[in-house]
Amino acid sequence: PIPCRALSPTTAGPADCTTALVTITYPYNAHSPSFNQRIGQATIADAEACTEGCPAVFDPPFSGSDADGDVLEYSIIPFTDHANLFEIPDPSTLAISYKGTGVSQDEIVTLLVQAKEKRVMDDARSAVAVVKVNVSTTAEITTKTRLRYLLSNLQKQPLLLI
């Protein structure tokens, strides 16, 4: 230890002072979240049977983690077609649910899932992964149902006639 000398408030000369060992810890954020696979694969076995909150089943298992041990929050980025038909009911758990309406035929829906660190500091990091959900249905596709589906897609993407 280095000897400590300070001016005494009562005398004009130096006086002994007390020393203390102080440890300062800063929780440096060295690692971003990561997923165990680049692309997650999930299935909704029968969209027609889902009334609401039907869970997507991941196979193989799909998860996120953070090497710093930070708590993660998950969300679906509303960027892809049909992303609004899915939700993550509990942001602390990577579990995706189909809301129960919107898919009338077998379809593969691509979702962008974000894992973001829940930190008090402003140095939170995030990662995004692609999740492909194979949505199956046992519904019979009739001409009327197919026409309704095509018309709803035409409203989203206008048809160009030449």
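The model is predicted: local features need pLDDT of at least 70, side-chain atom pairs count only at pLDDT 80 or more, and totals for chains, interfaces and linings use all residues. Residues are numbered from 1 along each chain as its sequence is written, and side-chain values use heavy atoms, with hydrogens and water left out.

**Whole protein**

Start with everything selected and coloured by secondary structure. The protein has 1 helix and 12 strands; helices (H or I, at least four residues) and strands (E, at least two) are DSSP runs, numbered from the N terminus. Along the sequence the pattern is β-β-β-β-β-β-β-β-β-β-β-β-α.

Of the 162 residues, 28% count as buried (under 20% relative accessible area; exposed is over 50%, partly exposed in between, with a 1.4 Å probe and protein chains only).

**The five-strand sheet**

Select β6, β4, β12, β11 and β8. In that order they form an open sheet of 5 strands with mixed pairing; two strands pair if DSSP finds at least two bridges between them. β6 and β8 (72-77) stand at the edges with a single partner strand each, so one side of each has no neighbour in the sheet. Strands of a sheet pair through backbone hydrogen bonds, either parallel or antiparallel.

**Strand β4**

Now select residues 39-44, which are strand β4. On one side, β4 runs parallel to β12 (residues 126-135), joined by 6 bridges. In β12, T43 has N134 as its bridge partner, and A42 stands opposite V133. With β6 (residues 57-58), β4 pairs in the antiparallel sense over 2 bridges; here the bridge partner of A42 is F58.

Show the side chains of β4. Which residues make up its covered face? They are G40, A42 and I44, while I39, Q41 and T43 form the uncovered face.

**T137**

Follow the chain past β12 and select T137, in the loop between β12 and α1 (143-156). Is T137 buried or exposed? T137 counts as buried because its relative accessibility is 12%.

Finally, show what surrounds T137. Leaving aside neighbours within four places in sequence, T137 is in contact (heavy atoms within 4.5 Å) with A45, D46, A47, E48, S104, Q105 and D106.
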